[in-house]
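Open the model in your viewer and keep the selection tool at hand. Each stop below says what to select and what is there.

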Amino acid sequence: MTRAAPRPTVRRIYEPAGPDDGVRVLVDRLWPRGLSKADAHVDEWPKSLTPSTELRRWYHAAEGDTYEEFRRRYEEELAGPEAAEALDRLRAVAREGPLTLLTAAREPGRSHAAVLVDLLTG
C-alpha cells in the first residue's frame, strides 16, 4: 500500500517562511508589493499556472459572488498544454515532500491557489 502525498498548503507570501514549508511556489502572476525576493524564499514561480491578466481583472472587478465562475474559467485556462505540464511538475514535487503554494490574495481559500490545491490533489 502506498502512502498518499500530503496535501499542499497555501500560505500568504507575506507570512514568514516556516520550517515545514518544503518547496515554496509563488502562484501569483505579479510579484507581491513591498516584498524583496530574498525575504520571500520562493523556490519556483511558474507563471503558466497563474490566472491570465484578463481573468484576474474580471474577478476583481466583478460584483457579487463570482468565485464559482472564476473557478470554472481558471480551470479552462489550466487545461492548456503549458499549464498542464506545470501542474504535472507540481504533482511530482508534492509526491516528493511538502509543497507550499504562496499567494498575496487576501482570502487564499477563495482564490486561484485553492483551485490549484484541488487540482493537485484530486
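Helices (H or I, at least four residues) and strands (E, at least two) are DSSP runs, numbered from the N terminus. This is a predicted model, in which local features need pLDDT of at least 70 and side-chain atom pairs count only at pLDDT 80 or more, while totals for chains, interfaces and linings use all residues. Residues are numbered from 1 along each chain as its sequence is written, and side-chain values use heavy atoms, with hydrogens and water left out.

**Stop 1: Val117**

Select Val117. This residue is found in helix H5. Is Val117 buried or exposed? Val117 is buried, with a relative accessible area of 4%. Buried means under 20% relative accessible area, exposed over 50%, and partly exposed in between (1.4 Å probe, protein chains only).

Now show its contacts. Contact means heavy atoms within 4.5 Å. Leaving aside neighbours within four places in sequence, Val117 is in contact with Arg7, Pro8, Val10 and Leu101. Thr100 and Val117 are 17 residues apart along the chain, and their C-alpha atoms are separated by 9.6 Å.

**Stop 2: helix H3**

Select residues 67–78, which form helix H3. The expected span of a helix is 1.5 Å times one less than its number of residues. For the 12 residues of H3 that gives 16 Å, and the end C-alpha atoms are 16 Å apart, so the two agree.

Which residues of H3 are buried? They are Tyr67, Phe70, Arg71, Tyr74 and Leu78. Look down the axis of H3: these buried residues fall within an arc of 100 degrees, so they line one face of the helix. The arc is that of the directions from the helix axis to the C-beta atoms. An α-helix has 3.6 residues a turn, so residues three or four places apart point the same way.

Turn to the other side of H3. Glu68 and Glu76 are exposed there. Then show what covers the buried residues of H3: the cover includes helix H2 (53–61), helix H4 (81–96) and helix H5 (112–121).

Zoom in on Arg71, which lies in H3. Arg71 is buried, with a relative accessible area of 16%. Leaving aside neighbours within four places in sequence, Arg71 is in contact with Val115 and Asp118.

**Stop 3: helix H4**

Select H4 next. Its 16 residues should span 22 Å at 1.5 Å a residue, and its end C-alpha atoms are 23 Å apart, which agrees. Colour Ala83, Ala86, Leu87, Leu90, Val93 and Ala94, which are buried. Seen down the axis of H4, its buried residues fall within an arc of 115 degrees, so they line one face of the helix. What covers the buried residues of H4 includes strand E2 (23–26), H3, strand E3 (99–103) and H5.

On the other side of H4, Pro81, Glu85, Arg95 and Glu96 are exposed. Pick Arg95. Its relative accessible area is 58%.

**Stop 4: the loop between H1 and H2**

Select His41, in the loop between H1 and H2. At 45% relative accessibility, His41 counts as partly exposed. Check its backbone: phi of His41 is near 55 degrees, a positive value in a residue other than glycine.

Ser52 is also placed in the loop between helix H1 (37–40) and H2. Ser52 is buried, with a relative accessible area of 15%. Leaving aside neighbours within four places in sequence, Ser52 is in contact with Arg29 and Glu77. Ser52 and Val10 are 42 residues apart in sequence and 20 Å apart in space, C-alpha to C-alpha.

**Stop 5: the largest pocket**

Select Arg56, His60, Ala104, Ala105 and Arg106. Of the 26 residues that line the largest pocket, these lie nearest its centre. On a 1 Å grid over the protein atoms alone, a pocket is an open set of points where a 1.4 Å probe fits, with protein on both sides within 12 Å along at least five of seven lines; lining residues have an atom within 4 Å of a point.

How much space lies in the largest pocket? About 840 Å³. H2 gives the most to the lining, with three residues.

Note on methods. Points joined across faces, edges and corners; volume = space filled by probe spheres on them.
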